[in-house]
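Visitor: Hi, I've got a structure open and I'm a bit lost. Could you walk me through it?

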Amino acid sequence: MLIVMKPDASDHEIQRVIQIIESVGLKAHLMPGSNRMAIGITGNPGPVDPSPFADLPGVSECVRVTKPYKLVSRELRPERTVIRLGEAQIGGDEFAIIAGVCAVESREQTLMTAAAVAEMGCRFFRGGAFKPRTSPYAFQGLGEEGLKILSEVREQYGLKIVTEATDEPALDLVERYADVIQIGTRNMQNFSLLRRAGQARKPVLLKRGMASTIEEFLLAAEYIMSEGNYQVILCERGVRTFANHTRFTLDLSLVPAIQGISHLPIIVDPSHSTGKREKVIPLARAGAAVGADGLLVDVHPYPERALCDGPQALVFDMFRDMVQQVRAIAEIVKIHMEEGITK
Ligand code: PEP
Ligand code: MN
């Protein structure tokens, strides 16, 4: 259930509502809007009885949320969520480009790439220190040493760091070093990891499971939010289909579908979805055109020597081209979308 407070409700009146919610063992989620506070209630196995709230001072209305996902939904928060990290932001009127290495392999490879990313005016750097690899014999990442290299990137270039946590011990470390915690496709339904990410006080970039429906994806985000972390960024990274001309099939239709239901920002990953360098720029353009809030892209100074995902990494010149192209498209699309989405 959602309790919508009156625009002039006092802090005291809001606290009273929270107190009643918590006194019956339920959880209250404060959802501030531009002109009123809403309070979401979770933890209830069935419908919540509105009668203890309906006549309280400051309460405007009690709304039943009928969808299985609640905190992620636009019913609960009609305004779109914008994730802000200093000057950097994901969502709103910005098109965020999160670019960098697939895996942090060395200081040299990472800092070279960070220089190229910063030079293009991007604000986010990606790089895996913990890599979820299909083969146990493949390079698994540098672990904490990799996180330290990423900290150097932040110090030298002011880029915000996005890096994956593959399990709970990794998340403890990633939370200390990163600006945004990434949960990968293979962990989208690792519910204990999602809950742990929900207890972190840093934004979480949640990638869609490679065979998940929109409902499963949103419920995974709901796990994170139900623990009190409302800073979630969704990422479409391709799903498994019969197609063999591409590594996964980038499901661009997910972007408007999500935007119709959820207030969370959604970005697109043209690298892990296609798996092939020559397809990355066309699908990055498509991501901007479909109205995504940004991109997640692999770049490498010498992809032929990469320890992970070399065939999909853009070389620097391609990356520069891509940034220019997608920015031109995103600028037009964002202007035209503003009204459509908020209506
Ligand atoms: C990644 O972004 O580094 C990654 C491993 O992606 P995914 O989880 O989408 O495969
Ligand atoms: Mn990769």
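Predicted model: local features only at pLDDT ≥ 70, side-chain atom pairs only at ≥ 80, totals over all residues.

Visitor: OK, and where is Thr81 found?

Guide: Look in the loop between strand S4 (59-63) and strand S5 (83-85).

Visitor: Is Thr81 buried or exposed?

Guide: Thr81 is buried, because its relative accessible area is 8% and the cut-off for buried is under 20%.

Visitor: Which residues is Thr81 in contact with, leaving aside its neighbours within four places in sequence?

Guide: Ile90, Gly91, Tyr230, His263, Leu264 and Pro265.

Visitor: Let's zoom out. How many helices and strands are there in the chain?

Guide: The chain has 11 helices and 14 strands. Its radius of gyration is 21 Å, close to the 20 Å from the globule rule for 343 residues, so the chain is as compact as a globular protein of that length.

Visitor: What box do the C-alpha atoms fill?

Guide: Roughly 65 × 45 × 40 Å, taken along the principal axes.

Visitor: And what share of the residues is buried?

Guide: Buried residues are 56% of the 343 in the chain.

Visitor: What about contacts between residues 24 or more positions apart?

Guide: Those account for 70% of the contacts with a separation of 6 or more.

Visitor: Changing topic: where are the charges? How far apart are the mean positions of the positive and negative ones?

Guide: There are 39 positive and 42 negative charges, and their mean positions are 3 Å apart.

Visitor: Now a helix, please. What's the story with Val174?

Guide: Val174 sits in helix H5 (residues 168-177). With a relative accessible area of 0%, Val174 is buried.

Visitor: Which residues does Val174 contact, beyond its neighbours within four places in sequence?

Guide: The list includes Phe130, Leu147 and Thr163, along with Glu164, Ala165 and Ile181. Arg36 is 138 residues away along the chain from Val174, and their C-alpha atoms are separated by 35 Å.

Visitor: What about the loop between S10 and H6? Who's there?

Guide: Arg186 is one residue in that loop, which runs between strand S10 (180-183) and helix H6 (191-199). Arg186 is partly exposed, with a relative accessible area of 42%.

Visitor: How far is Arg186 from Arg208?

Guide: They are 22 residues apart in sequence and 8.6 Å apart in space, C-alpha to C-alpha. Arg186 is also in contact with Pro132, Thr134, Met210, Arg237 and Arg247, leaving aside neighbours within four places in sequence.

Visitor: One last stop: where does Asp298 lie, and is it buried or exposed?

Guide: Asp298 lies in strand S14 (residues 294-298). Asp298 is buried, with a relative accessible area of 1%.

Visitor: Which side chain does Asp298 join in a polar contact?

Guide: The side chain of Arg126, at 3.3 Å. Not counting residues up to four places away in sequence, Asp298 touches several others, including Cys102, Ser271, His272 and Asp309.

Terms used. Residues numbered from 1 in each chain as written. Chains lettered and ligands numbered in written order. Heavy atoms only, no water. Helix = DSSP H or I, 4+ residues; strand = E, 2+ residues; numbered from the N terminus. Buried < 20%, exposed > 50% of the residue type's maximum accessible area, 1.4 Å probe, protein only. Contact = heavy atoms within 4.5 Å. Rg over C-alpha atoms; globule rule 2.2 N^0.38 Å. Lys, Arg positive; Asp, Glu negative; His and termini not counted. Charge placed at Lys NZ, Arg CZ, Asp CG, Glu CD. Polar contact = N/O pair within 3.5 Å; in protein donor to acceptor, adjacent residues only side chain to side chain.
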